[in-house]
Amino acid sequence: MSDIRYVILSDLHFGAENSVLTSLTEGPSSPASTGFGTDAQRPSPVLSGLVDGIRELTKDQDRPPTLILAGDVLDLALSIDEVCSTVYRLFAHIAFGDEPVFEPLIHYVPGNHDHHQWEVTRESQYTAYVASQAPDATLVAPWHTTGLEHSAERPEASSALLTALSRSQAGGSAINVRVAYPNLALRSPDGRRSLVISHGHFTESIYSLMSRLRDVLYPGQRSKPPTDIAALEEENFAWIDFFWSTLGRSGQVGTDMGLIYADLTSPTDIDALVANLVSAMLAKGKGHGLLHQAEEKALNAIFKHEANRVARSERSTPDAALSADGETGLREYLEGPVRNQLRQEWGEVPENLSFVYGHTHKPFVRRESLAGFPAPVDVVNTGGWVVDTSDPNVYQAGVAVLVSDDLDTASLQFYRQAPGSAPSPVQLLDPPEGVEQSGWQKELSSRIDPAREPWSSLAQSAAELVAQRHRLQDATVALRVATRPAGGR
């Protein structure tokens, strides 16, 4: 039976209080706090259980699997650098220490919450390129994406921070964290199957907001938004980096933004957020002197529309694995930027293709018929490891996508939110409707007995930490209400 060759994890949000992979302290709440705090020096039992589970499944293999981190690994938006880094270092110690669970090569596809790591990587990559050129050479413009395959990258794109944190552990001196952004592709040895991995933030419209703003403020420049992945990133990278990947270093501003984000159902909060954001952006770019009053009004209207879309995004859609907007965004991303990148780099769209992404925190497995693809595409969502609602959301779960040598995938659910206190069993997700389990998936399923260790303890720990995160969300919303300015709703 084929080994587990890759393990794909996404939306770990190391350092975030609402991540079940970050340990918390819990005590009486003061009027100015939630009563919760991070304990970055102590591994979460779910973090340990996740690694132990993968170790159990791969212990008899000839060689360990390769780890693929598909974005939002560090929660740089609403957490601070040293906390995120310390929790990642705990993970590296458990996963790559005395008994390594993974190969020393890590593939890393940054997401929106750790997008800044891609910015640091590409600037370092461009610096290395410049240093390698002759003094009179014509330099190319800085690029904003990598190729689908690492072999196409010259110089190599790697994360200095994650590599350093990984190598700080015993036995980790050989670890290298290679970066692909926003898409990474794998091909089976016989070339018959392909797998594309992405974090998936471009499936939500808010992350291409600058492209739409350009079309509103400067109509007539083009007939439709960009479907080229490099152009999409070039137009939106600064916006993504600013709002989702640097606020953790913004002191009280970052804290306040976290409280607002926790309660985006409030019209007052949305209005305040949009007004302050537009004002700050215009002031920074001297926009007040360049835009007419009508244009500024349009800018406010567009931002308010998008903020309301965020309020109605996947975390606020508890009754479906993917919202209607999420369905549309997924299809548009695959039929546009992903398909075009495949054509540009490979000359064709492969017939047997799977697409793995995260971002939504709600895992699923489905088969999609898409325009421009020669056969239906298997779409797999990795879910996420945060609890960002006060009430249980049964669609939110943490999944590791296991990948065989021939790129067959299996989604192993490590935890799922559920009403009540009963633990959700560790188990494989069912294949798409009308599709039978492969032989490899059946064999994997037979090796997991939820009633036995390490699976039973992991499920119990996860249930306890999910309940704790629900208490955290209640306390966060209560703090926001208590600190809201007079007259707010």
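This is a predicted model: local features need pLDDT of at least 70, side-chain atom pairs count only at pLDDT 80 or more; totals for chains, interfaces and linings use all residues.
1. Helix α10 itself covers residues 324-346. Its 23 residues reach 31 Å from the first C-alpha to the last, which is close to the 33 Å expected at 1.5 Å a residue.

2. Helix α10 also carries a kink of about 30° at L334. The kink lies shortly before a proline, P337.

3. The remaining points concern helix packing. Two packed helices are described by the angle between their axes and the distance between the axes. Helix α1 (residues 45-58) and α2 have axes that come within 10 Å and cross at roughly 25°. Because angles under 35 degrees count as roughly parallel, α1 is roughly parallel to α2. The crossing of this pair is right-handed.

4. On the α1 side, the residues that meet α2 are L47, S48, V51 and R55. Their partners in α2 are L90, F91, I94 and A95. An α-helix has 3.6 residues a turn, so residues three or four places apart point the same way.

5. Helix α1 also packs against helix α12 (residues 455-483), at an angle of about 155° and with the axes 9 Å apart. Since angles over 145 degrees count as roughly antiparallel, α1 is roughly antiparallel to α12. The crossing of α1 and α12 is left-handed.

6. In that contact, α1 contributes P45, V46, G49, L50, G53, E56 and L57. Helix α12 contributes W455, L458, S461, A462 and L465. The residues of the contact of α1 with α12 divide into 8 nonpolar, 3 polar and 1 charged.

7. Helix α2 (residues 81-96) packs with helix α4 (residues 160-167) at an angle of about 50°, and their axes are 8 Å apart. The two helices are therefore oblique to each other. Helix α2 passes α4 in a right-handed crossing.

8. Which residues make the contact of α2 with α4? From α2 they are S85, Y88, R89 and A92, and from α4 they are L161, L162, L165 and S166. This contact divides into 5 nonpolar residues, 2 polar and 1 charged.

Methods
Residues are numbered from 1 along each chain as its sequence is written. Side-chain values use heavy atoms; hydrogens and water are left out. Axes are lines fitted to C-alpha atoms, for helices over the stretch in contact, and angles run from 0 to 180 degrees between N-to-C directions. Helices (H or I, at least four residues) and strands (E, at least two) are DSSP runs, numbered from the N terminus. Angles under 35 degrees count as roughly parallel, over 145 as roughly antiparallel, 65 to 115 as roughly perpendicular and the rest as oblique. A crossing is left-handed if the near helix is turned anticlockwise from the far one by less than a right angle, and right-handed if clockwise. Contact means heavy atoms within 4.5 Å. Ala, Val, Leu, Ile, Met, Phe, Trp, Tyr, Cys and Pro count as nonpolar, Asp, Glu, Lys and Arg as charged, and the others, Gly among them, as polar. The expected span of a helix is 1.5 Å times one less than its number of residues. The bend at a residue is the angle between axes fitted to the seven residues ending there and the seven starting there.
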